[in-house]
Amino acid sequence: TQIRGGEALEAGRVEPDPKFGVDPTQCQGVDLWKDNQPAYGLNGTYGGYLFAEQAVRVVREHNVSEPLLLFVAFQNNHPPLQVPQQYIDRSPKAHRTTINGMMTFLDESVGNITAALRGRGMWDDTLVVFMGDNGGFVNQGGDNAPLRGGKFADF
């Protein structure tokens, strides 16, 4: 979910995994993990905030003499269509204001990450690959033209 809620990893719904330290009895009501343990205290937080803040923190704390691979998998432009109201309010009052707000949030977040890279003098040696995982969800307003299909398509 976009808003951290707790329904994904309730006790008994995941198997113990010693490799990652996953203990289902320790994740009741917490559907987000950080540092091999449930990320307590973050339920109700918009997931994009968490990902962007963590990415900026990693850049700011990174030893610039060492290479860095940073993979940030935002959930934006993905159902459920949720974003803090302030981003919806910044969209023109037209069709699809929520998805427009989600993209505004994503743009701002990527801007914050690139600003952190610039601030650390890392930008000139950075390769950014920006991509989506698949086509748009046609049943929720996605339009993949001129390509065919979309989310859940077999090609």
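Tutor: Start with alanine 116, a residue of helix 3. Keep in mind that this is a predicted model.

Student: Is alanine 116 buried or exposed?

Tutor: Compare its relative accessibility with the cut-off: buried means under 20%. Alanine 116 has 8%, so it counts as buried.

Student: Which residues does alanine 116 contact, leaving aside its neighbours within four places in sequence?

Tutor: Val56 and Val59. For the protein chain, take the contacts with a separation of 6 or more: 46% of them join residues 24 or more positions apart.

Student: How do I describe two packed helices?

Tutor: Two packed helices are described by the angle between their axes and the distance between the axes. Helix 1 and helix 3 pack at about 10°, and their axes are 8 Å apart. Angles under 35 degrees count as roughly parallel. Helix 1 and helix 3 are therefore roughly parallel to each other.

Student: Which residues meet there?

Tutor: Helix 1 brings Gly48, Tyr49, Ala52, Ala55, Val56 and Val59. Helix 3 brings Phe105, Ser109, Asn112, Ile113, Ala116 and Leu117. Sorted by class, this contact has nine nonpolar residues, three polar ones and no charged ones.

Student: How many residues are in the largest nonpolar core?

Tutor: It has 17 residues. Phe74, Val83, Phe105 and Ile113 have the most contacts inside it. Helix 1 (47-61), helix 2 (85-89) and helix 3 (97-119) each give two or more residues to this core. Helix 3 supplies the largest share, seven residues.

Student: What does valine 83 touch?

Tutor: Leave out residues up to four places away in sequence. Valine 83 then touches Tyr46, Ile88, Thr98, Gly101, Met102 and Phe105.

Student: Where is histidine 62, and why is it classed as it is?

Tutor: Histidine 62 sits in the loop between helix 1 and helix 2. Its relative accessible area is 14%, so histidine 62 is buried. Beyond residues up to four places away, it touches Pro67, Leu68, Arg120 and Met122.

Student: What about threonine 97?

Tutor: Threonine 97 is in helix 3. Its relative accessibility is 18%, so it counts as buried. With residues up to four places away left out, threonine 97 touches Ile88, Ser91 and Pro92.

Student: What is the pattern of the protein chain along the sequence?

Tutor: It reads β-β-α-α-α. That is two strands and three helices. Of the 155 residues, 28% count as buried.

Student: Which residues does the cis peptide bond join?

Tutor: Most peptide bonds are trans. Here a cis bond joins alanine 145 and proline 146, with omega at about 10°. Proline 146 is in the segment after helix 3.

Student: What is the average pLDDT of the protein chain?

Tutor: The average is 78, and 77% of the residues score at least 70. Over residues 4-17, the pLDDT is below 50. In the model, that stretch has 41 contacts beyond near neighbours in sequence. Where pLDDT is low, the predicted coordinates should not be read in detail.

Student: Let me recap. Alanine 116 is in helix 3. Its neighbours in contact include Val59. Helix 1 and helix 3 pack with their axes 8 Å apart.

Tutor: Good. Now find alanine 116 in the structure above, and trace its contacts with Val56 and Val59.

Note on methods. Residues are numbered from 1 along each chain as its sequence is written. This is a predicted model: local features need pLDDT of at least 70, side-chain atom pairs count only at pLDDT 80 or more; totals for chains, interfaces and linings use all residues. Side-chain values use heavy atoms; hydrogens and water are left out. A nonpolar core is a set of buried Ala, Val, Leu, Ile, Met, Phe, Trp, Tyr and Cys residues joined through side-chain atoms within 4.5 Å. Buried means under 20% relative accessible area, exposed over 50%, partly exposed in between (1.4 Å probe, protein chains only). Helices (H or I, at least four residues) and strands (E, at least two) are DSSP runs, numbered from the N terminus. Contact means heavy atoms within 4.5 Å. Axes are lines fitted to C-alpha atoms, for helices over the stretch in contact, and angles run from 0 to 180 degrees between N-to-C directions. Angles under 35 degrees count as roughly parallel, over 145 as roughly antiparallel, 65 to 115 as roughly perpendicular and the rest as oblique. Ala, Val, Leu, Ile, Met, Phe, Trp, Tyr, Cys and Pro count as nonpolar, Asp, Glu, Lys and Arg as charged, and the others, Gly among them, as polar. pLDDT is the predictor's confidence in each residue, from 0 to 100.
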